[in-house]
Amino acid sequence: MYRVDLNSDLGESFGNYTIGMDEEILKYVSSANVACGWHAGDPMVMEKTVALAKEFGTAVGAHPGFPDLMGFGRRNMAVSPAEAKAYVKYQLGALMAFTKSQGMKIQHVKPHGAIYNMAAVDEALAAAMCEAVYDVDPEIIFMGLAGSKMITAAEKTGLKTASEVFADRAYNDDGTLVSRKLPGAMIKDRDLAIRRVVRMVKEGQVTTINGNEIAIRADSICVHGDNPKALEFVKNIRKTLIAEGVEIKSLMA
């Protein structure tokens, strides 16, 4: 029996600005990565997202990013490991207040955007974030790009890990994600994306942007919730995986 977690980045609205279709997406995913107020989200959005996740039985993870609301956390910043560690603690603590008030526990931490991509290849940065998580709660799972420095660092720190793959992103030959600035970075063909996901889960393989085959571990599949076709996409991925004999379960279920 195959098993995988289906996650989405949610709680990314801010003030009067609505991003994504959280209430609908939450019905189909098993885990939610909730923005912690720095790259997106605000206290009201965080509270609502956690409450909705509880209502739908969806596990909650913290989604900390750079303090870059204008750039949606997707711009690289020069930060020291000590700063990165404090940033993660601060954001994790903020979300933890909302989960605790709902009688929930934080299942995992998944860094967001630029800090995620930087930590995928920078073990010192990755280690700092993992240490932050371990210091707050060593039972929290660290979710990072499959095969990246984040997974290595988390294992060295003593955290449980979840290797993440992306339904709608192209891969380089070294297992990193193709930059969004480059053509072909996003997989826009729904059927192709779903075929790739099934193969990653059942065969542990993915075809890179250069046409090469690389090994990949898929504990959790990310479906971005901020594009117009996200709902249709996540519905179809879930339906196809179940039809292929893959069980959809949160990481701690």
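Colleague: Which residues does N33 touch, not counting residues up to four places away in sequence?
Modeller: This is a predicted model. N33 sits in strand 2. At 0% relative accessibility, N33 counts as buried. Setting aside residues up to four places away in sequence, N33 touches N7, S8, D9, L10, G61, H63, H108, K110 and M143.

Colleague: With which side chain does the side chain of N33 make a polar contact, and at what distance?
Modeller: N7 is among the residues that N33 touches. The pairing runs side chain to side chain. The partner is N7, at 2.7 Å.

Colleague: Is V79 buried or exposed?
Modeller: V79 lies in the loop between strand 3 and helix 3. Buried means under 20% relative accessible area. The relative accessible area of V79 is 18%, so V79 is buried.

Colleague: How far apart in space are V79 and F66, C-alpha to C-alpha?
Modeller: Leaving aside neighbours within four places in sequence, V79 is in contact with F66, A84, Y87 and L125. V79 and F66 are 13 residues apart in sequence. Their C-alpha to C-alpha distance is 9.4 Å.

Colleague: What is phi of F72, near which value?
Modeller: F72 is also placed in the loop between strand 3 and helix 3. F72 is buried, with a relative accessible area of 15%. Its phi is positive, in a residue other than glycine. The value is near 55°.

Colleague: What does helix 2 reach from its first C-alpha to its last?
Modeller: Helix 2 covers residues 43–56, which is 14 residues. At 1.5 Å a residue, 20 Å is expected. The helix comes close to that, reaching 20 Å.

Colleague: Within what arc do the buried residues of helix 2 fall?
Modeller: V45, M46, T49, V50, L52 and A53 are buried in helix 2. Seen down the helix axis, they line one face, because they fall within an arc of 160°.

Colleague: Why would residues three or four places apart point the same way in an α-helix?
Modeller: The repeat of the α-helix gives the reason. Residues three or four places apart point the same way because a turn has 3.6 residues.

Colleague: Which residue caps the N-terminal end of helix 2?
Modeller: Look for a side-chain oxygen by the backbone nitrogen of M44. One lies 3.0 Å from that nitrogen. It belongs to D42.

Colleague: What is the radius of gyration of the protein?
Modeller: The secondary structure comes to eight helices and ten strands. For 253 residues the globule rule gives 18 Å. The protein is close to that, so it is as compact as a globular protein of that length. Its radius of gyration is 17 Å.

Conventions. Residues numbered from 1 in each chain as written. Predicted model: local features only at pLDDT ≥ 70, side-chain atom pairs only at ≥ 80, totals over all residues. Heavy atoms only, no water. Helix = DSSP H or I, 4+ residues; strand = E, 2+ residues; numbered from the N terminus. Expected span 1.5 Å × (residues − 1). Buried < 20%, exposed > 50% of the residue type's maximum accessible area, 1.4 Å probe, protein only. Arc of directions from axis to C-beta. Polar contact = N/O pair within 3.5 Å; in protein donor to acceptor, adjacent residues only side chain to side chain. Rg over C-alpha atoms; globule rule 2.2 N^0.38 Å. Contact = heavy atoms within 4.5 Å.
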